[in-house]
Amino acid sequence: MLTTVQDNLFSPDVIANPYAFYGRLRGEDPVHWNETYALWLITRHDDLVWLTRHHELFSSAVFRNDPRPAYPAIDESDLGLYEYVKNYQGDQFIQHDRPAHLEMRRVMHGYFTPKSMEAWRPFVRDAVKELLDAAEAKGEMDVMRDLATPLPVLVIAEMMGVPKEDRLYIRQLAEKLLYIGRGDYDRMKPLTEGMRGMIEYVSPLIDKRIVDPGDDFISVLARGEKQGVFTRHQVLVNTSLLLLAGHETTINLLCNGTLALTRHPDQWELLKQDPAGRAKQATEECLRYDSPVISIQRIATEDVEMRGKVLRKDDRVRWFISSANRDPEAFPNADTFDISRHPNQHVAFGSGTHHCLGATLARVEGQEVFRALAERFPNLRAETEDLEYQPSITFRSLKSLPVTWH
Amino acid sequence: MARKLKVWVDPHTCVGNAMCESIAPRVFRLNENRQSEAVDPAGDSEAKILEAAENCPVSAIFVEDAETGERLFP
């Protein structure tokens with residue numbers, strides 16, 4: 001057992017370096033009860049794989065099936081807002097279990113196959129080129145502001161047939177939705193503002209696609225309503241979800257990956273020798289080494305024993321991708337950034353029936369960005385080592401990443 | 001007479017998404033690791049098997065003509 005336990009998952013040192021904290025848990029108490037939030041923390045790679053592949057034991061309907069109050073605690077006057085959040089989140093397809101989850105996923109799954117996402121590569125490549133042209137002309141770049149954010153927003157908005165001029169507004173709403181992974185006492189206000197704003201924004205787009213469907217992704221969701229798989233509220237919520245999830249996690253892949261590459265000159269050299277040939281494996285290593293998503297939650301559907309501990313029915317169970325991807329039992333030299341690593345069975349996209357729907361799209365965007373950076377900015381380096389992360393236990397998200405190449 | 005197929009799943013790539021099992025349940029079945037295995041390449045039509053292969057999110061499914069060795073997917 002741990003003698004002293006830091007139980008505040010939102011403390012500045014855990015946010016700054018989750019690897020040290022969760023790495024220690026993984027070694028000493030891999031199925032750990034966090035008293036503060038009444039929550040199990042799962043940190044080993046093999047446990048995470050086992051858990052995510054036993055979806056019948058661990059429900060994804062974490063908002064609908066959790067009878068306890070929000071964690072961390074929220075302002076009591078915001079309990080009404082929390083009910084709104086529960087209803088909103090509860091209608092996301094990812095917050096469902098089989099058989100409903102399978103039925104919902106099948107509406108969307110075909111849009112995101114590796115083959116159909118590959119067809120988007122030229123669009124992604126052109127978009128990367130345009131953004132890097134602009135950065136080059138300006139002579140400086142904040143990777144977060146000028147590349148990692150605009151690229152995935154541009155791509156998902158194009159897929160969804162969202163007007164170009166609305167992209168900034170979507171990002172502003174998305175930033176409010178990110179309060180879901182934070183611990184602020186008063187987070188329900190910005191969060192529900194973001195949710196209501198999204199619903200309001202996508203509603204007329206859906207009305208239009210119901211009557212006049214196209215080949216965009218909102219039309220795919222609208223078809224789900226016609227088939228009776230989705231209610232209108234579910235179409236609204238899932239359109240919003242895809243707009244957000246379709247870019248937020250990729251932002252973190254691009255930023256965290258660029259940071260890792262600039263911090264490891266030997267690996268940057270290696271990538272530069274053959275950017276087209278090595279971008280694929282480099283992207284996998286970026287996904288593993290500093291994963292875009294830190295952790296995800298489930299609710300136990302029955303009593304389950306893991307490593308001698310009994311997880312009771314309805315217990316909250318949170319699994320840590322960031323820790324599993326640094327598990328020395330799963331990866332030799334797990335804390336070493338190695339773009340030639342093979343095999344690389346990281347769990348950045350989760351595993352099992354809920355494996356990330358947009359995984360291939362994220363991969364394509366990562367590959368194109370890391371390749372283009374290596375080809376165009378051989379002297380790329382971070383401007384500062386003084387970097388700050390968003391205080392989230394869900395997303396591993398830098399606030400900014402200024403770089404130079406002169 | 002439908003041609004004979006050779007179908008297999010790469011265990012190092014399969015993430016147990018189980019979409020293949022839902023599309024062609026007589027061909028693909030999850031094993032004790034909750035990874036897919038091709039248990040009967042003649043269990044469903046070639047079209048269903050190719051649909052399952054195409055819908056694998058990590059491209060872990062391989063399909064060949066059993067007699068000629070011609071790669072049908074990917």
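Start with chain B: its secondary structure comes to two helices and five strands. Helices (H or I, at least four residues) and strands (E, at least two) are DSSP runs, numbered from the N terminus. This is a predicted model, in which local features need pLDDT of at least 70, side-chain atom pairs count only at pLDDT 80 or more, and totals for chains, interfaces and linings use all residues. Residues are numbered from 1 along each chain as its sequence is written, while chains are lettered from A and ligands numbered from 1 in the order in which they are written.

Trace chain B from its N terminus. The elements run β-α-β-β-α-β-β. The radius of gyration of chain B, taken over C-alpha atoms, is 11 Å, close to the 11 Å from the globule rule for 74 residues, so chain B is as compact as a globular protein of that length. That rule is 2.2 Å times the number of residues to the power 0.38.

Now colour chain B by burial. Of its 74 residues, 35% count as buried (20 or more other C-beta atoms within 10 Å of a residue's own; exposed means 12 or fewer, partly exposed in between; C-beta atoms are placed from the backbone).

Next, select the interface. Here 12 residues of chain B are in contact with 14 residues of chain A (C-beta atoms, placed from the backbone, within 7 Å).

Move to chain A and select helix α5, residues 100-109. Its buried residues are M104(A), R105(A) and V107(A). They cover an arc of only 150 degrees around the axis, which puts them on the same side of α5(A). The arc is that of the directions from the helix axis to the C-beta atoms.

Notes:
Two residues are in contact if their C-beta atoms, placed from the backbone, lie within 7 Å.
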